[in-house]
Amino acid sequence: MRPSDIGLDQAGIAEAIVQGVNACDSVIHGLLYANIILVGGNANIPGYLDRM
């Protein structure tokens, strides 16, 4: 589900991650992506990791 699916004009979690990483120096993009940790209630949703 994306926020736009319910009429919200904002980034979803995956898009926000990409925007945040892209705002940093390209030299460290790989390091940032390699160190994403999913925690909290959403991490228990089936398929959540795959969608990220």
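Predicted model: local features only at pLDDT ≥ 70, side-chain atom pairs only at ≥ 80, totals over all residues.

Reader: What makes up the fold of the protein, helices or strands?

Author: The protein has three helices and zero strands, and its pattern along the sequence is α-α-α.

Reader: Why is the protein called more spread out than a compact globule?

Author: For 52 residues the globule rule gives 10 Å, whereas the radius of gyration is 13 Å; this value is well over the rule, so the protein is described as more spread out than a compact globule. The C-alpha trace spans about 35 × 25 × 15 Å along its principal axes.

Reader: Why is H29 counted as buried?

Author: Buried means under 20% relative accessible area. H29 has 18% relative accessibility, and therefore counts as buried. Of the 52 residues, 8% count as buried.

Reader: Which backbone oxygens lie at 3.0 Å and 3.1 Å from a polar atom of the side chain of H29?

Author: H29 is placed in helix α2. The backbone oxygen of V21 is 3.0 Å from a polar atom of its side chain, and that of C24 is 3.1 Å from such an atom. Polar contacts require N or O atoms within 3.5 Å.

Reader: What residues make the nonpolar surface patch of about 360 Å²?

Author: The patch is made by V27, I28, L31 and L32.

How values were computed:
Residues numbered from 1 in each chain as written. Heavy atoms only, no water. Helix = DSSP H or I, 4+ residues; strand = E, 2+ residues; numbered from the N terminus. Rg over C-alpha atoms; globule rule 2.2 N^0.38 Å. Buried < 20%, exposed > 50% of the residue type's maximum accessible area, 1.4 Å probe, protein only. Patch = residues over 30% accessible without salt bridge, like charges linked within 9 Å, V, L, I, M, F, W, Y side chains within 5 Å. Areas by Shrake-Rupley, 256 points an atom, 1.4 Å probe, with all protein chains shown as cover. Salt bridge = Lys/Arg side-chain N within 4 Å of Asp/Glu carboxyl O. Polar contact = N/O pair within 3.5 Å; in protein donor to acceptor, adjacent residues only side chain to side chain.
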